[in-house]
Amino acid sequence: MTGDKAAQTAPVFTGRRWFFPSALIHELDPDAARSGRRPRRTARDWAVDFACFLLAVLVGLAGADTLRDSHDIPHALAVADQVLGALSCAAVWLRRRRPLALAVVMIPVSFVSETSGGVAIISLFTLAVHRPFRYVAWVGGVQTALVPLYFWWRPDPDLPYPAVLVLFVVLTAATVGWGMFVRSKRQLMLSLRDRARRAETEARLRAEQAQRLAREAIAREMHDVLAHRLTLLSVHAGALEFRPDAPRAEVARAAGVIRESAHEALQDLREIIGVLRAGDADDAGRPQPTLAALDPLVAESRQAGMEITLDQRVTDPAAVPASVGRTAYRIAQEGLTNARKHAPGTEVTVSVTGGPGEGLAVTVRNPAPQGDVPHVPGAGQGLIGLTERATLAGGALEHGPAPDGGFEVRARLPWG
């Protein structure tokens, strides 16, 4: 997670920061956005602001020439007009920090001052770039509504009244459209940035989820494969511990089971570790058990001293799908392991019935044990894993105490 945080906090711009607007860098750069400070002007901002200031001054000078040529305007009013125009030109440098305030103030100022007309257009453009459309609509609508009154009060000496109205309405619409276009480009860049970040986050989450699922699958496989072997080791080692005076034949048989179970457990563990190292599929190594391996499993458990009754009535066992047969084998294996742990010495009944189209039913049942049962350590996750296996195979598994005090595991698997 440290590497992810470092990647997220790394500056976005490592090269030409001067080429981008400061507001865009402030949004794209995580460090700048978290600092809370106002974005500093870049070289591009200074160039654009100076161009806007120069344009406002040129429009103001043109308006001042018009005032000098007009003999109907008093000298004091012309001077006041030029003073307001100069102050408006100076206010252009505040357009990035206070776009809405500047645009609102310029509505009455531009109405009474002809030399501030350029600043009014620039402030409307800035408002369209930096603020949502509802603010632009209100300010632009008020300015457009005042245009007829303004030119009725101060008619243009060179253009007729309808033409100048159309000209200023078109100029206002073009200014708003240009500003909204610039704003949409910036929002598109921000949305692409957010989309890229979400894609990276989702890819990381998918990788973590795949890793977690792989670990869970390996854990289930290790439990299913090793629990059966290790339970044999635990039971027979405990029998030798509590019965040191047992007959030599029984001790030799228990020792043989321990040796064989330890060998098989090491072999299974070696194969699982090989899968982890090589990154192969879950079914790498030896073939996975199917329903045909149920008879050897029962024979192995009988050799270990268990009493098992196997009732296998399956129509065409060779046609059982591999995944269904493997799930049925694991259910029977876990049921025998639990019976050996918690009900030693009892007769276990394993029933497997079904056929194509009617499904496969697996039942493992044992009666209540006689007397106290030695404690055998276990994780208690076997039945949970079996339930998940049956669900993933499209079936269902139930387990719980039987009416006679025993325990029963029942599973229903699809076979279509």
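This is a predicted model: local features need pLDDT of at least 70, side-chain atom pairs count only at pLDDT 80 or more; totals for chains, interfaces and linings use all residues.
**Confidence.** Colour the chain by pLDDT. The mean is 79, and 78% of the residues reach 70 or more. Select residues 1–14: pLDDT is below 50 there, and the stretch has 16 contacts beyond near neighbours in sequence. Residues 280–285 also fall below 50, with six such contacts.

**Aromatic pairs.** The structure holds six of them. Select Trp46 and Trp93. Their rings are tilted, with 5.9 Å between centres and 45 degrees between planes. Trp46 sits in helix H4 (residues 43–69), while Trp93 lies in the loop between helix H5 (75–91) and helix H6 (99–112), 47 residues apart. Trp46 is partly exposed at 47% relative accessibility. Trp93, at 26%, is partly exposed as well. Next, show Phe111, Tyr150, Phe151 and Phe168, which form one aromatic cluster.

**Salt bridges.** The count comes to six. Start with Asp49, Arg95 and Arg96, linked in a network.

Move to Asp404 and Arg365, where the closest N and O atoms are 2.6 Å apart. Asp404 is in the loop between strand S4 (396–401) and strand S5 (407–413) and Arg365 is in strand S3 (residues 359–366), so the bridge ties together parts 39 residues apart in sequence. Asp404 is partly exposed at 43%, and Arg365 is partly exposed at 27%.

Now pick Glu398 and Arg410, bridged at 3.2 Å, N to O. Glu398 belongs to strand S4 and Arg410 to strand S5, 12 residues apart. Arg410 is partly exposed, at 32%.

Finish at Asp311 and Arg313, which meet at 3.1 Å, N to O. Asp311 is partly exposed at 25%, whereas Arg313 is exposed at 54%.

Conventions
Residues are numbered from 1 along each chain as its sequence is written. Side-chain values use heavy atoms; hydrogens and water are left out. Rings of Phe, Tyr and Trp (its six-membered ring) pair if their centres lie within 6.5 Å; planes under 30 degrees apart count as stacked, over 60 as edge-to-face and the rest as tilted. Helices (H or I, at least four residues) and strands (E, at least two) are DSSP runs, numbered from the N terminus. Buried means under 20% relative accessible area, exposed over 50%, partly exposed in between (1.4 Å probe, protein chains only). pLDDT is the predictor's confidence in each residue, from 0 to 100. Contact means heavy atoms within 4.5 Å. A salt bridge is a side-chain nitrogen of Lys or Arg within 4 Å of a carboxyl oxygen of Asp or Glu.
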